[in-house]
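Me: I would like to learn how to read the features of a structure like this one, with the cut-offs behind each term. Could we go through them one at a time?

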Amino acid sequence: TSTKRAYSKVDKPSGAMKEESALRLSLLFIALSLILFFLYGKGVYNFYFSDDFEWLSRSLLVPSDPSEILRVKGRDFSPLFLSLLTLFTSLSGSLSPVPLRIFTLLVLALLGVLLFRRLTTLYGIPPLPILLSLLLFLFHPYLSESFLNLSALVYPLSLLLFLCAVGCAVKERPLPFFLLATGALFMKESSLLLFLPLPLLPPFRGRRAVRLYLFPLLIPLLLRWGIQLGRWGVYSSFVDKEEVALKFSLLFQRSLGFPPYFFSPLSALLLSLLLFSGLFLLLRRRPGGLYFPALWFLSLLFFSLFPKLSGRYLLFPLVGAIGTLALASAWWLKRRPASLALLLPLLALWCLFQGGVIRREVESYRELGEFSRLFLQGQRETLLRNYPLPSGEGVIVGGGTEALRDLYGRVQSRGGLPKLLPLRVRGVNGVMEPEDLVPLSYWPERRVRWVTREWGGGVFFGSFQLLGGS
């Protein structure tokens with residue numbers, strides 16, 4: 001078809017055109033990296049917190065127990081991500097967050113480049129509407145958790161693999177598509193949302209495309225869900241069907257960059273109905289035009305079933321929204337080019353305002369990470385002072401927690417926490433209870449995990465599980 005010829009011609013340049021295209025994409029990657037570093041540079045040194053420690057502790061187990069990579073823990077099964085973390089901890093020789101933060105920054109910049117590439121390749125729209133949409137993507141405040149929370153990195157990584165897979169389909173390379181798509185599905189199970197609207201895109205239409213690209217995906221899908229079907233009880237208890245409409249309205253507002261309850265839930269639902277209906281009428285005749293609105297809608301609906309809302313859940317809906325905006329703005333600017341003079345100042349104001357929001361988010365995450373760091377530092381000193389028995393039994397005496405309590409008070413009083421606290425506080429002489437954190441400490445020459453058995457009067461009784469050793 002003419003559409004297929006259009007994107008094939010764009011995606012398969014030759015000679016000087018190919019070199020010019022590579023140069024443009026390289027410059028775009030550098031520009032996006034600089035913007036992200038400007039926004040999140042202060043967060044490069046932010047320490048880990050919350051469920052980051054679960055992944056880190058598992059990565060430390062892998063060298064001595066490789067089967068840990070294929071182990072299902074609760075709802076988490078991401079062998080590729082765990083392998084990546086193991087590589088980082090092995091190469092760096094420490095638990096410094098800096099290498100992983102820089103890696104995440106580059107992943108997000110590469111995501112922007114691939115979004116630019118796929119939108120120009122599949123739809124043939126000019127670069128300007130896409131670049132303006134990418135600015136909204138980078139300055140979106142709910143992108144922050146994908147950078148600042150290690151355990152949220154699976155979402156941009158799965159999206160990265162998916163976009164690479166789509167590029168292989170555009171170039172008619174079924175085997176690389178299958179391998180990359182399998183990688184995306186095994187990076188994060190919710191990446192299935194990215195694949196559901198694929199038949200709407202031109203490269204995946206027709207019997208031949210279904211046979212080459214879509215049918216083979218049943219293999220990794222069945223394998224992935226076959227591994228986790230035994231854990232279905234964990235998933236069914238995680239799904240919360242109550243107040244789906246309310247959560248949909250909140251996620252919809254967040255995907256647009258508005259804070260929750262900026263609109264009333266009913267107003268937000270009506271606005272979403274009008275918006276998606278208008279987008280359907282506007283883009284239904286354009287080949288592949290409904291893919292991004294469909295991804296946006298399906299992702300909002302899927303994550304509305306979850307009992308709690310987290311910033312990481314916004315990445316897939318956000319990509320759907322940004323792709324939709326690029327298509328709609330290209331349609332609008334083609335008919336009203338003079339409106340660009342008004343759109344640019346509005347975009348600048350948006351970026352200026354959201355840049356301040358992002359800086360506050362970085363500071364919130366910094367305090368959460370500092371809270372975890374002080375907790376682990378105090379625990380390490382206690383462990384070195386009170387050696388456990390050879391059996392692993394030991395006692396931690398609560399003490400010297402004034403600085404920790406002061407920091408916790410400041411973190412707890414901060415409005416709109418970006419994430420749950422790394423641990424909960426029990427009212428026993430103001431001592432912190434570590435059962436909701438997976439603490440990493442150092443027993444002489446060995447890393448250990450503390451497991452609380454009982455507590456009282458400011459004293460914790462429990463045992464140490466040695467990591468990477470018997």
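Reply: Let us begin with burial: a residue is called buried when its relative accessible area is under 20%, exposed when it is over 50%, and partly exposed in between, using a 1.4 Å probe and protein chains only. Glu145, with a relative accessible area of 2%, is therefore buried. The model is a predicted one, in which local features need pLDDT of at least 70 and side-chain atom pairs count only at pLDDT 80 or more, whereas totals for chains, interfaces and linings use all residues. Residues are numbered from 1 along each chain as its sequence is written, and side-chain values use heavy atoms, with hydrogens and water left out.

Me: What percentage of the residues in the chain is buried, and how many helices and strands does the chain have?

Reply: Of the 470 residues in the chain, 51% are buried. Helices (H or I, at least four residues) and strands (E, at least two) are taken as DSSP runs and numbered from the N terminus, and the chain has 19 helices and four strands. The chain exposes about 22,000 Å², of which carbon and sulfur atoms supply 66%; such areas come from the Shrake-Rupley method with a 1.4 Å probe, and for residues only the protein chains shown count as cover.

Me: How should I read contacts, and which residues does Thr86 touch beyond its neighbours within four places in sequence?

Reply: A contact means heavy atoms within 4.5 Å. Among contacts in the chain with a separation of 6 or more, 74% are between residues 24 or more positions apart. Thr86 is found in helix α4, residues 79-92, and, once its neighbours within four places in sequence are left aside, Thr86 is in contact with Ser59, Val62 and Pro63. With a relative accessible area of 10%, Thr86 is buried.

Me: Is Glu68, which forms a salt bridge with Arg71, buried or exposed?

Reply: Glu68 counts as buried, at 1% relative accessibility, whereas Arg71 is partly exposed, with a relative accessible area of 32%. The closest N and O atoms of this salt bridge are 2.4 Å apart. Another salt bridge is formed by Lys188 and Glu189, whose closest N and O atoms are 3.8 Å apart; Lys188 is buried with a relative accessible area of 13%, and Glu189 is buried with 11%.

Me: What describes a pair of aromatic rings?

Reply: Such a pair is described by the distance of the centres and the angle of the planes. Rings of Phe, Tyr and Trp (its six-membered ring) pair if their centres lie within 6.5 Å, and planes under 30 degrees apart count as stacked, over 60 as edge-to-face and the rest as tilted. A search of the whole structure finds 28 aromatic pairs. In one of these, the rings of Phe47 and Tyr48 have centres 5.5 Å apart and planes at 55 degrees, so the pair is tilted. The rings of Phe162 and Phe195 have centres 5.0 Å apart and planes at 80 degrees, so this pair is edge-to-face. The pair links distant parts of the chain, with Phe162 in helix α8 (residues 154-170) and Phe195 in helix α10 (residues 192-195), 33 residues apart. Phe162 counts as buried at 3% relative accessibility, and Phe195 is buried with a relative accessible area of 7%.

Me: Which residues form the aromatic cluster?

Reply: Tyr155, Phe302, Phe303, Phe306, Tyr313 and Phe316 form one aromatic cluster.

Conventions:
Salt bridge = Lys/Arg side-chain N within 4 Å of Asp/Glu carboxyl O.
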